[in-house]
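Open the model in your viewer and keep the selection tool at hand. Each stop below says what to select and what is there.

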Amino acid sequence: MLELRKDIFADERDDNLKEIGKGTQRQDMLGHVTGTSPYFDDHKLQGMLHLKVVRSAHPHARLRRVDTSEAERSQGVRRVIRASDVPRNLNTLLSLINFGKDDEPSLAVDKVRYKGEPIVAIVADSRARPTRRLPR
Amino acid sequence: MAKTPLQFRHNGRDVAIFVDGGTNLLVALRELIGDMTPKFGCGQGGCGTCSVLIDGELHLSCLTLAETVAGRSVETLDGLKEGPNLHPLQRAFADNFAAQCGYCTPGMLMAAKALLDRNPQPSRAEVVEAISGNICRCTGYEPIINAVLAAASGGRARA
Ligand code: FES
Ligand code: FES
């Protein structure tokens, strides 16, 4: 006989399992209609910082110089992350499927290859803080 | 940067905050007042999930400068419940499966409220028109339209 692990769902349903043929309210519905379901953007953690990414405005361009001095001096900016800080990208699609060759950088190194490619990531106290200053 | 004092009514309660110039109403509500019910979807007027009522009229809070609501009345989903009870629209959304992930729901409900407040017995076409600025990525619009119509006919029985 199939053993049902009832303990896991103990607070979600009673035991008679006579659910077929009648409507059952979803557990998350009340949160949805009252706007209280927490989404990613609704979390406020203690000491939470925000990250913004400066992206390429060009479809294909050489990165001669990335000038982060102004960003670094800005009030509320904790850290400016550049390509050299994250030399290995552990999360590319290719690495997830064990493709072997995996040459997609987290942040562009000396060239950008598509419009919107990440170049620099800025960690700051608030979302408003990160400023954009795009060298080319 | 100098901050500007700002007072308005938020779901029937007077609130007073200080805002940076250029702050939009969505950020003011979520980050300064702590009302997380209006959602950030696109931040550029395309999705409607940030919808709130200003003096009863539907507005996209992401495109509204916070300072423009000084002295006015702002309603969000947080104020829709009638005491401990769900508003008929909330009931109807729950009963008609009109939310899946629920991210568009705050905007849908406010758009629907704006409609029913001025037109308690809308036609189906009027409902479609009323929520046409709100994008739902998952439910499909049919259950949402049905929910608004159900709330409207329920409202007739109540009134
Ligand atoms: S967040 Fe305001 S319309 Fe999308
Ligand atoms: S329920 Fe997910 S976007 Fe509408």
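Which residue in β5(A) is the bridge partner of Leu51(A)? Select Val123(A), which is that partner. Keep in mind during the tour that this is a predicted model.

**Stop 1: the strands of chain A**

Select strand β1, residues 50–55 of chain A: six bridges join this strand to β5(A), and the two run antiparallel. Next, select β5 itself, residues 118–124 of chain A. Because seven of its seven residues are buried, the strand is largely enclosed by the rest of the structure.

**Stop 2: a surface patch**

Select Leu93(A), Leu96(A), Ile97(A) and Phe99(A), which make a nonpolar surface patch of about 490 Å². Phe99(A) sits in the loop between α3 (93–96) and β4 (111–112) of chain A. Is Phe99(A) buried or exposed? Its relative accessible area is 51%, and the cut-off for exposed is over 50%, so Phe99(A) counts as exposed.

**Stop 3: the domains of chain A**

Colour residues 6–42 of chain A as domain 1 and residues 50–132 as domain 2. The C-alpha centres of these two domains lie 40 Å apart.

**Stop 4: a covered helix in chain B**

Select helix α3 of chain B, residues 105–118. At 1.5 Å a residue, its 14 residues should span 20 Å, and the end C-alpha atoms are 20 Å apart, so the two values agree. The helix is mostly covered, with 12 of its 14 residues buried. Among the buried residues are Met108(B), Lys113(B) and Leu116(B).

**Stop 5: salt bridges**

Over all chains, the count comes to 14 salt bridges. Begin with Asp95(B) and Arg91(B), whose side chains meet at 3.7 Å, N to O. Both lie in helix α2 (residues 88–95) of chain B, four residues apart, which is about one turn of the helix. Asp95(B) is exposed at 51% relative accessible area, while Arg91(B) is partly exposed at 42%.

Move on to Arg124(B) and Glu142(B), whose salt bridge has an N to O distance of 2.4 Å. This pair links distant parts of the chain, 18 residues apart: Arg124(B) is in helix α4 (residues 124–130) and Glu142(B) in helix α5 (residues 141–158) of chain B.

Last, select Asp41(A), Asp42(A), Arg30(B) and Lys39(B), which are linked in a network of salt bridges.

Conventions:
Residues numbered from 1 in each chain as written. Chains lettered and ligands numbered in written order. Predicted model: local features only at pLDDT ≥ 70, side-chain atom pairs only at ≥ 80, totals over all residues. Heavy atoms only, no water. Patch = residues over 30% accessible without salt bridge, like charges linked within 9 Å, V, L, I, M, F, W, Y side chains within 5 Å. Areas by Shrake-Rupley, 256 points an atom, 1.4 Å probe, with all protein chains shown as cover. Salt bridge = Lys/Arg side-chain N within 4 Å of Asp/Glu carboxyl O. Buried < 20%, exposed > 50% of the residue type's maximum accessible area, 1.4 Å probe, protein only. Pairing = 2+ DSSP bridges. Expected span 1.5 Å × (residues − 1). Domains from an automatic or database assignment.
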